[in-house]
Amino acid sequence: MKKPFSIIILLFLWLGTFSFAQAQNDIDNAPRYGFAPEVFDSIHRVWQGVGENGYLAGAICLDPTTDPAVERLRGKQIVGVRCYLNHAYAQSRQKRSLIFHTVGEPSNTPTQKICDFAKGWNNVLFDTPVTIGDDPIYVGLQVYETIADDHPIGAYSPISVDGGCWFNLKKEGWRSYTDRGTLMIYAILADDAAPLLERSVFAQTANAPLVVEPAKDFAGEVSFHNCSANPVSKVVLSMRGQGDEEAAQQTVTFDTPLGAYEGRIVPLPVRTGSEVGTNQWLELSVTKVNGEDAQLVHPGVTWHYVTYDAFTRVPLIEEFTGQTCSNCPFMFYFLDIAMEQHTMSDLVYVAHHAGFQKDALTQPVDEALTFLFGEYGTYNPAVMFDRIVPVGQEVPVISAKVAEVEPYASALAQAAMRPAMASVNISAVKSDEGITPHVEGRINTEMAASGVPLYLSVYFIEDGLTTDEYPQFGMDDEGAPSDLKDRFRHNGVIRHNFCTNLTGDQLVLGENNTYSVDFATLPLANKNWKLQNCQVVAFVHMLNQTNMRQNQVLNANRLPMAEVLGISSESQPNLRPIVGSDGRIIVNSPNAEVSIYDLRGARQAINSRLLPGTYIVKVADKQHGQQMVTKLLVK
């Protein structure tokens with residue numbers, strides 16, 4: 001009698017397990033609605049919290065008055081919450097971890113379900129569903145955050161949706177955040193809601209220049225999010241900006257279909273609105289999915305500074321160094337790697353051999369700029385980024401304190417994102433007499449109207465000078481990187497200052513705030529410079545030797561002599577590719593082997609004009625044993 005009873009128990013347990021697994025599978029496949037994609041590149045996941053002991057509640061808001069998808073879902077039930085957490089939170093015994101929904105205002109009395117959370121995705125059902133009606137519904141979770149753990153709640157960083165990120169920190173009150181991305185929280189819906197989300201794709205600009213021109217395309221990135229369980233191969237993207245009567249449209253075909261609730265960021269030309277202003281909206285929506293009319297979702301709205309003075313920022317990096325400075329090669333090493341890896345923009349690098357001791361490469365202009373160290377003296381190694389005074393400092397010069405790439409990479413990224421307040425265009429003529437440069441451009445309207453005097457500095461610089469030619473202290477010091485000798489070169493060395501004044505010539509603006517300056521010819525006879533490694537660099541800047549905050553650079557640019565002379569550069573350390581003005585990818589190294597691929601992996605022809613988009617560029621110099629792989633954006 002015992003054996004059959006045991007079999008019955010085992011059968012019952014097996015059936016129970018099967019039923020639970022089936023139920024869990026049903027929840028996993030249930031329709032749901034949220035603003036952050038579930039499937040995306042992990043680099044776009046960020047963790048939200050306060051880093052202290054205390055309650056943390058997060059929610060998304062489903063509002064039928066602002067979201068066409070929620071409007072369609074009126075009368076349908078929200079049966080639970082799907083959310084992503086950074087840690088397991090087994091806090092149900094203390095009633096600290098739970099899901100909830102609140103109707104009307106986030107501060108209204110919530111309906112809660114006490115539960116435990118696992119690390120990763122969680123699906124938790126309410127005891128009593130809530131029906132979508134006329135009022136906003138806030139759907140979310142609460143945990144008790146501890147100082148020992150990383151922030152609890154997952155968010156998708158590239159987009160910020162109105163209503164996509166609400167927090168109640170330490171039970172001090174609810175607040176909507178627009179700078180924390182979009183929370184990875186979904187409202188799980190009843191099965192009959194699924195048809196209302198078919199052919200629904202959210203789109204929003206994920207990355208764009210800070211300053212854009214009106215009624216023109218800019219090279220941006222668009223984040224798409226499939227809001228349904230059905231694959232999406234092709235969409236029609238509608239773009240309408242402030243001041244537009246009609247929307248611009250373009251068809252986007254995905255290399256591989258967007259899967260269920262998947263997100264993808266695609267480099268695309270995006271059209272701005274026609275109205276000029278500092279805070280203009282740009283609304284993206286998907287109007288067709290797989291050739292059929294889309295079911296609209298929350299519009300993706302971003303805000304932009306729209307002006308006719310939209311210039312491309314080229315950061316200026318100035319390093320104070322010296323041949324007898326034993327610490328300077330270390331700074332060069334990590335700064336050089338950061339510049340090599342930088343792909344957000346082109347760069348201009350200038351070395352000032354001043355601030356410590358004069359050497360064979362010191363020029364009067366180098367010594368004239370040591371006022372930028374302020375009244376407390378000079379020191380090397382040091383660096384400036386567009387002569388901007390960092391927060392908490394009194395001078396733009398930053399001393400080298402950390403032997404790491406990251407601080408320099410971060411500073412470069414910040415510099416590249418700053419709006420440019422001028423355009424700088426350089427041309428030059430090579431003749432038997434030498435090099436004759438010409439610099440022209442335009443100043444931002446507001447900057448020109450301010451009346452602040454502006455200056456133009458123009459140098460002839462040389463890269464790639466070896467330690468055999470110009471010895472350098474510190475190359476054999478203890479702790480030096482193993483490849484320091486291979487990488488180190490004297491780059492950005494000023495060979496000539498074209499300006500009358502050492503610190504730059506004051507600009508005289510013409511019609512429409514333009515300027516145009518011709519410079520005297522630089523004789524090249526009897527010069528032992530390697531012209532293939534030389535550049536003309538120019539930058540527009542303020543100048544104030546008593547107020548350090550009035551020296552910032554409005555914009556910079558460079559013209560390699562290799563382009564003027566039609567020759568190749570021999571500068572060994574710089575394999576960094578750049579995008580030429582004609583859409584070609586350029587590497588100024590005679591030994592470089594270049595491979596270019598689009599994001600689908602299709603190889604592109606070398607020296608051909610590329611369509612706007614993001615490309616993977618591989619550069620190898622077998623002669624010197626160097627290689628790098630980077631991404632470049634072609635506008």
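In the predicted model, helix α3 (residues 328-341) and helix α5 (residues 406-417) approach each other with their axes within 8 Å, crossing at roughly 45°. Angles under 35 degrees would count as roughly parallel and angles of 65 to 115 as roughly perpendicular; α3 and α5 are therefore oblique to each other. The handedness of the α3 and α5 crossing is right-handed. On the α3 side the contact is made by M331, F334, L335, A338 and M339, and on the α5 side by Y408, A409 and L412.

Helix α3 spans residues 328-341, and C328 takes part in a disulfide with C325, at an S to S distance of 2.3 Å. The distance lies within the 2.5 Å limit for a disulfide. The angle about the S-S bond is 90°, and the link of C325 and C328 is right-handed. Both cysteines fall under the 20% limit for burial: C325 is buried because its relative accessible area is 4%, and C328 counts as buried because its relative accessibility is 1%. The structure holds 1 disulfide.

Two further cysteines, C61 and C83, were examined for pairing. The cysteine sulfur closest to that of C61 belongs to C165 and lies 12 Å away, so the pair is too far apart for a bond. C61 is itself buried, with a relative accessible area of 10%. C83 is likewise in no disulfide, the nearest cysteine sulfur being that of C115 at 7.2 Å. With a relative accessibility of 0%, C83 counts as buried.

An open sheet is formed by 6 strands in the order β6-β5-β8-β3-β10-β11, with antiparallel pairing. Strands β6 (111-114) and β11 (174-176) stand at the edges; each has a single partner strand, so one side of each is left without a neighbour in the sheet. Between neighbouring strands of this sheet the turn is 25° on average, direction ignored. Within the sheet, β5 and strand β8 (residues 137-145) are paired in the antiparallel sense over 6 bridges. In this pairing L98 stands opposite Q142 of β8.

Strand β5 (residues 98-103) also contains H101. H101 counts as buried because its relative accessibility is 6%, against a limit of 20%. Beyond its neighbours within four places in sequence, H101 is in contact with P110, T111, F126, T128, V130, I137 and Y138.

Strand β27 is joined to strand β28 (residues 435-442) by 6 bridges, and the two run antiparallel. The bridge partner of S427 in β28 is H438.

Strand β14 is connected to strand β16 (residues 217-226) by 6 bridges, the two running antiparallel. In this pair A203 stands opposite F224 of β16.

For the chain as a whole, the secondary structure comes to 8 helices and 40 strands. The C-alpha trace spans about 105 × 60 × 50 Å along its principal axes. Of the 635 residues in the chain, 52% are buried. Among contacts with a separation of 6 or more, 74% are accounted for by residues 24 or more positions apart.

Terms used
Residues numbered from 1 in each chain as written. Predicted model: local features only at pLDDT ≥ 70, side-chain atom pairs only at ≥ 80, totals over all residues. Heavy atoms only, no water. Helix = DSSP H or I, 4+ residues; strand = E, 2+ residues; numbered from the N terminus. Buried < 20%, exposed > 50% of the residue type's maximum accessible area, 1.4 Å probe, protein only. Contact = heavy atoms within 4.5 Å. Pairing = 2+ DSSP bridges. Axes fitted to C-alpha atoms, helices over the stretch in contact; angles between N-to-C directions. Parallel < 35°, antiparallel > 145°, perpendicular 65-115°, else oblique. Left-handed = near helix turned anticlockwise from the far one by under 90°.
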